[in-house]
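I opened the notebook today to look at rings, strands and packing. Here is the model I worked from.

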Amino acid sequence: MKFITRNMMLTGMLLASALTYAQDDTNDKEMQDGPQPSKSNIQQYTPSKLIGKGQIDLKWFNNLYTQTKSTFSDGKEPRQTFFTSTLEAYTGVGENKRWNVGAIFEFRSNVINDRGALDVFSFDGEEGTARSGLTSIAPSIKFVPLASVSNFSIQSSFFIPLVDQETDGGVFLDQAGFIWQNRFFYDHTFPGDKWQLFTELNSEFSFGKDAVRDTGGDTVEGSFANNSLNLTPGVFLSYFPSSKFTVLGLVQHSQRIDLGNNFAQDFTAVGGGVKYQLTDALNIEALYTNFVRGSNTGLGQTFNLGLRAIF
């Protein structure tokens, strides 16, 4: 609990500092160069676009997934809820906005055995029902491979697990293996700046020791996902009633390919959300998704809230 409180306070301080700095910087630019372009960050800085040299990009994204159904049984099941809080930090290096370097930090809190969905914020570690903690860190780079196509970029990250046991006391926390993640981003803005199409292909190669379980089913070492490749394409369509506000719809599919772990799965999710530019530097987003089908997976819902500051 103390860790997550300090993490939230630090993130809030960083975002507040970003806001103050960006406002001052914007005022200086207007005094020197006149009024700046009217496009907001949510319009021009999609995940496809990189920031410039010396700029900072901070994103704090929170995902709450909860389920009472899965493909493993028929009918209603005891509720399980999994919360992930991700902090991403990048800075621009080099010229022409082609290289960004940074890191990703993931904190998770999970509860099972029909505990309430909001119990993930109790962080009580109750044996047999709850676990939480900082679960992984990842050095990361973003780059634009083709100088002539600035709206196509790749994000490559290497996730290092910080958990010893994937499942303990029957409670899953996070993968206990290494993940090499590569995300391919592309967006297109239609004439008039009212509609924007964003596409993503996320690939995750999981590797490390094979999962070893004790007689109670808990993992002693390794991960269920090791020796598998997860491919997740997604399509997002956004409409901008104004430059500072957008509504969007999305469709995602995820396919885990068995490369030796003897476990394959897939799911399809649909949803929507909104984004709003609070200030020149800071924007907020809220998303909802529903897992409408799948195999070897849960059939739940996600509720997402994020803050992003660019300065």
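This is a predicted model: local features need pLDDT of at least 70, side-chain atom pairs count only at pLDDT 80 or more; totals for chains, interfaces and linings use all residues.

Residues are numbered from 1 along each chain as its sequence is written, and side-chain values use heavy atoms, with hydrogens and water left out.

**Entry: rings**

I looked up Phe-158 and Phe-178, which are stacked at 5.8 Å centre to centre with 15 degrees between the planes. Phe-158 sits in strand β5 (residues 152-161) and Phe-178 in strand β8 (residues 178-189), so this pair ties together parts 20 residues apart in sequence. My strands (E, at least two residues) are DSSP runs, numbered from the N terminus.

Phe-158 is partly exposed at 30%, and Phe-178 is partly exposed at 32%.

Phe-158 also pairs with Phe-207, tilted, at 6.1 Å centre to centre and 40 degrees between the planes. That pair links strand β5 to strand β9 (residues 195-207), 49 residues apart. Phe-207 comes out partly exposed at 26%.

I also noted one aromatic cluster made of Tyr-65, Phe-82, Phe-267 and Phe-291.

**Entry: core**

Which residues make up the largest nonpolar core? I found seven: Phe-61, Phe-185, Phe-198, Phe-236, Leu-248, Leu-250 and Leu-287. The core rule takes buried Ala, Val, Leu, Ile, Met, Phe, Trp, Tyr and Cys residues joined through side-chain atoms within 4.5 Å.

**Entry: strands**

I turned to strand β2 (residues 80-93), where ten of the 14 residues are buried, so the strand is largely enclosed by the rest of the structure. Strand β1 (residues 56-67) pairs with β2 in the antiparallel sense over twelve bridges; I took two strands as paired if DSSP finds at least two bridges between them. Lys-59 has Glu-88 in β2 as its bridge partner.

β2 also pairs with strand β3 (residues 99-111), antiparallel over 13 bridges, and Phe-83 stands opposite Ser-109 in β3. β2 and β3 form a hairpin with five residues between them, and Gly-94 in the turn has a positive phi of about 70 degrees.

Technical notes:
Rings of Phe, Tyr and Trp (its six-membered ring) pair if their centres lie within 6.5 Å; planes under 30 degrees apart count as stacked, over 60 as edge-to-face and the rest as tilted. Helices (H or I, at least four residues) and strands (E, at least two) are DSSP runs, numbered from the N terminus. Buried means under 20% relative accessible area, exposed over 50%, partly exposed in between (1.4 Å probe, protein chains only).
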